[in-house]
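Here is a short briefing on one part of a structure. Look at the picture first, then read the points below.

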Amino acid sequence: MRKPNFIVILADDLGYGDLGCDGGKVIRTPHLDRMAAEGVRLTDFYASANVCTPSRAGLLTGQYAIRNGLAHEVIQPADTTGLPPDALTIPKALGEDYASALIGKWHLGHVAPHWPPMVYGFDRFYGLPYSHDMKPLALYDSATSPMTESKADFTKLTQWFFEQTAAFAEQNREQPFFVLLALTAPHIPLKPNPDDLTGSPGGAYGEVVEEIDLNVGRLLEKLKALGIDDDTMVVFTSDNGPWFEGSSGPFRDRKGGSAWDGGFRVPFIARQPGTLPAGAVSDALASNLDLLPTLNAMAGRPPVADRELDGADLSGVLKDGAASPHEEIVLFDNAKVAAVRTPRWKYVARSYYRTYDIPLDGYPLLFDMDIDPGENYSIARNFPDAAADMRARLEKARAKYEPMAQAFPPHVAPASAADHPD
């Protein structure tokens, strides 16, 4: 029996409320909506961080970024830090049976020994070292050795990344393959493709999201034309919530916003005809940490045994509608545990106000996510036992994870580097 192919499409700064299938009303996403109708949609899926670098580290390794020294802010062009070269990544876990490619944005280290991405098990790299609002910037292509560098045309990046993904799928259609298609859109700067203008009512942001949607449709059609549609699980998600534009849906705050769901709760769609049910919707707690163990299991690989993962296998959730393997999800703000989420409850322990990162240890906030997903009204007074239980979970997570940050040096960035959450 053939092992499945995997294509993980990772949008950059796309909000939960930007897709029609998740309740969006402004931006038109018919291809993604159809993908959801033909696959599985998770409503309570979390990025493992509220900004880029730590979220991507979590997705690729199945471990919170604090384990790998990347929990604090994002990597800047002058930094020399990166994902440890001995980290277990999805392509390493899948092994030599799989051809693997990183197409798009890397942002996990651009100086040796953290560069190039082939260090981490990828056979092919076509893309950018970090965000396209950072300089100096070049587009790298590993099709030749040494890698070539060229100018990045911002208006064409989404088109090029999807085209390279389709080409890789065609080149490897006779063997299993994995692609992490890490888009730069809809992260700023917003540069709509003049060849794919849709007249979106969502302005420039809407244009780039609708271009993503068009290209998702084209990619799915390509898989059908290659005869590998049923053999390929396509996943669509985002690295964190929206930044200056975009919709967090019904959730509070945005990218970088401390503990609130608007920075963490992101779209998740998985589609593989004949393997995953069509039109399934699940509120099972899940995280991008789960992708490594899930793809590993679906590829028939044994569970990872040489290190502790924070992610869990979601194959039962996706295939059979099983319950979540998670009792809780821990949310970080930089290297601090900021909140804990269980199926019903969320306990928030950090927030921002103006320039202050405010610990809320003396002001407990407990939210019932069944009736108040916007995290507007703390009911810690009404449910003291639940508040105590969630507080204990938070303290246990703090004791486990926060000391891990001491094992790594901080990022080394000059004073002139842009101090913003990429």
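This is a predicted model. In it, the buried residues of helix 9 pack against strand 13, strand 14, strand 15 and strand 18.

**Helix 9**
- Helix 9 covers residues 384-401.
- Helix 9 has 18 residues and spans 26 Å from first C-alpha to last, close to the 26 Å expected at 1.5 Å a residue.
- Its buried residues are Ala386, Ala387, Met390, Leu394, Ala397, Arg398 and Tyr401.
- These residues cover an arc of only 110 degrees around the axis, so they lie on the same side of helix 9.
- Pro384, Asp385, Lys396 and Ala399 are exposed on the other side of helix 9.

- Four strands make up an open sheet, in the order 13-14-15-18. Their pairing is antiparallel.
- Strand 13 (329-333) and strand 18 (365-368) are the edge strands. Each of them pairs on one side only.
- On average, neighbouring strands of this sheet are turned by 25 degrees against each other, direction ignored.

**Strands 13 and 14**
- Strand 14 takes in residues 336-341. Five bridges join strand 13 to strand 14, and the two run antiparallel.
- Leu331 stands opposite Ala339 in strand 14.

**Helix on sheet**
- Helix 9 packs on the sheet and touches strand 13, strand 14, strand 15 (345-348) and strand 18.
- The direction of helix 9 makes about 140 degrees with that of strand 14.

Key: Residues are numbered from 1 along each chain as its sequence is written. This is a predicted model: local features need pLDDT of at least 70, side-chain atom pairs count only at pLDDT 80 or more; totals for chains, interfaces and linings use all residues. Side-chain values use heavy atoms; hydrogens and water are left out. Two strands pair if DSSP finds at least two bridges between them. Axes are lines fitted to C-alpha atoms, for helices over the stretch in contact, and angles run from 0 to 180 degrees between N-to-C directions. Contact means heavy atoms within 4.5 Å. The expected span of a helix is 1.5 Å times one less than its number of residues. Buried means under 20% relative accessible area, exposed over 50%, partly exposed in between (1.4 Å probe, protein chains only). The arc is that of the directions from the helix axis to the C-beta atoms.
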